[in-house]
Amino acid sequence: MRNTKREFCSYLIFDYRGVEAHLSKMAARGWRLEKIGPYFWTYRRAEPAQVAYAVTYLPSVSQFSPEPSADRENLEELCVAAGWEPVAEWAQMQIFANQRPDPVPLETEDAVRIEAIHRSMKKNFLPSNYVLLALPLLWLFMAFSDFRRDPIDFFSSGTDFFLILLSILLLALQGVNLSAYYRWRKRSLAAVAQGGPCAATGGYRWFNQAAFVVLAIITAAYLASLVLWQRTSAGVYVLWLLIFGLILLAVLCTREGLKHIGAPKRLNMALTLAVDVILAVGAISLLTFGILRLGWFTGEGETYLYQNQEWQTDPPVIPLTAGDLTGISYDHIRRWEYGSSSPFMSRRTWSETACQDESNGDARYHLSYTVTRTGISRLYDLVLQETMANEHPDFWTITWQQTDPEPWGAEAVWRRYMDGTATGTWLVCWPGQIVELELDGEPDSTQMAAAGAIL
């Protein structure tokens with residue numbers, strides 16, 4: 001039987017009534033609050049009992065205030081004298097418990113309570129929520145910019161759609177929470193002015209719980225798509241989560257350690273922020289160096305040098321290879337692939353450079369191809385339009401001339417011309433699929449048929 005349990009916190013810091021009622025219900029079920037945090041509360045098992053809880057606020061303290069705090073000690077002395085035992089604290093929120101029947105209320109002046117709550121909210125809750133309200137607006141702007149810059153990449157990128165869904169969810173979440181507080185404050189001020197108690201907080205808590213469930217589902221689906229659709233190594237995300245967790249732990253330990261040794265609040269904030277920034281920059285630098293210079297998670301495997309170039313000992317399998325087109329078994333190969341996918345479009349690029357030993361003729365061949373799949377006709381037309389666009393009209397003129405699709409076994413085929421000269425780039429189309437194919441030399445009918453059949 002478990003003696004402790006953790007519970008997700010869906011209350012806002014101003015909802016003193018909801019917290020008091022919830023903790024009393026938990027005590028009646030045999031669970032006493034032991035520790036409180038911004039996201040999870042910890043309970044310990046105890047005998048079921050009728051316990052009254054009271055929430056009060058100390059606007060003068062913060063998460064960086066040194067301990068012991070004189071204001072908190074004075075408050076606890078007064079509360080203990082009235083039969084209220086300190087239980088936990090959450091920023092400016094102070095929680096006390098009392099098992100006596102009909103305990104003396106801690107707060108009797110609702111006008112004073114409203115003012116203390118508002119000062120506490122301005123110190124902790126409101127600034128952070130305004131920042132979180134601005135963040136999804138920035139993400140939406142970035143997604144819109146991606147759409148303007150490269151619409152194909154936008155529609156094939158699961159990241160853009162994840163950011164859009166996440167932005168909408170965060171906008172709704174922060175908007176509901178901020179409006180819940182301001183509506184509660186307005187109603188409470190009006191009620192107290194007429195001699196009544198503070199207003200009820202409303203049902204925002206259930207919305208928060210549903211929003212976090214949706215957030216977890218969206219995030220899990222996005223991570224799964226990165227691993228399954230985009231074939232990104234799961235080790236990247238495991239390492240990111242591990243590093244993020246270690247940075248968060250280091251920051252919390254720094255803050256709490258400085259509090260316990262009595263460091264001034266401003267010094268605590270400065271040192272904690274410095275630790276956070278230094279560790280974050282160090283982690284990004286380490287990952288960047290590891291991925292770009294050491295080849296972490298790239299899937300390239302071992303490499304060796306031949307003619308001052310790197311070649312792969314065990315190159316990955318790709319759909320269409322140089323050997324499929326030329327019939328040559330190459331001695332040295334280097335391949336790579338990348339791509340992205342969304343519910344609307346998938347787009348993946350493969351490339352291969354192959355070489356024979358000098359003793360075998362030193363033959364070389366390079367090919368690359370991008371396969372785009374979509375079941376939406378307008379997106380299909382968009383891919384054709386964007387692919388055939390003249391990207392640098394000031395330097396050269398690019399045109400596409402339609403050719404016979406029969407050798408390829410395709411529905412339609414175009415060839416790229418630059419300033420009137422034919423290039424090795426082809427656009428091979430089937431229903432729902434477009435392949436942009438770049439070949440060395442002039443392909444014959446056998447190579448066209450092989451490429452068309454495989455792709």
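**Entry 1: Y306**

I began with Y306 and found it buried, with a relative accessible area of 17%. It counts as buried because the limit for that class is under 20% relative accessible area. I note here that the model is predicted. I then placed Y306 in strand β7, which covers residues 303-306. Next I looked up its contacts, leaving aside neighbours within four places in sequence: Y306 touches W311, H332, C355, Q356, D357 and E358. I also checked the C-alpha atoms of Y306 and D357, which are separated by 9.1 Å. These two residues stand 51 residues apart along the chain.

I moved on to Q307, which lies in the loop between β7 and β8 (309-312). Its relative accessibility is 31%, so I recorded Q307 as partly exposed. Its phi is near 55 degrees, a positive value in a residue other than glycine. Most residues other than glycine have a negative phi.

I found a positive phi at D102 as well, near 50 degrees. D102 belongs to the loop between β6 (93-98) and α3 (110-123). Buried or exposed, I asked of D102? I recorded D102 as exposed, because its relative accessible area is 76% and the class begins over 50%.

**Entry 2: the nonpolar cores**

Which residues touch the most other members of the largest nonpolar core? I found F14, W41, I95 and W184, in a core of 39 residues. Helix α1 (residues 16-28) gives the most to this core, with five residues. I then listed the contacts of F14, not counting residues up to four places away in sequence: Y57, I117, M121, A180, Y181, W184, T201 and Y204. Apart from this core I noted another, of 24 residues, with L320, L367, L437 and A451 among them.

**Entry 3: the whole protein**

I counted 12 helices and 15 strands in the secondary structure. The radius of gyration is 32 Å, whereas a compact globule of 455 residues would have one near 23 Å. Taken along the principal axes, the C-alpha atoms fill a box of roughly 95 × 50 × 45 Å.

I noted that buried residues make up 40% of the 455 residues. Among contacts with a separation of 6 or more, 59% join residues 24 or more positions apart. The protein exposes about 24900 Å², of which carbon and sulfur atoms supply 60%.

Last, I looked up the charges: there are 38 positive and 47 negative side chains. The centres of the two sets lie 15 Å apart.

Note on methods:
Residues numbered from 1 in each chain as written. Predicted model: local features only at pLDDT ≥ 70, side-chain atom pairs only at ≥ 80, totals over all residues. Heavy atoms only, no water. Helix = DSSP H or I, 4+ residues; strand = E, 2+ residues; numbered from the N terminus. Rg over C-alpha atoms; globule rule 2.2 N^0.38 Å. Buried < 20%, exposed > 50% of the residue type's maximum accessible area, 1.4 Å probe, protein only. Contact = heavy atoms within 4.5 Å. Areas by Shrake-Rupley, 256 points an atom, 1.4 Å probe, with all protein chains shown as cover. Lys, Arg positive; Asp, Glu negative; His and termini not counted. Charge placed at Lys NZ, Arg CZ, Asp CG, Glu CD. Core = buried A, V, L, I, M, F, W, Y, C linked by side-chain atoms within 4.5 Å.
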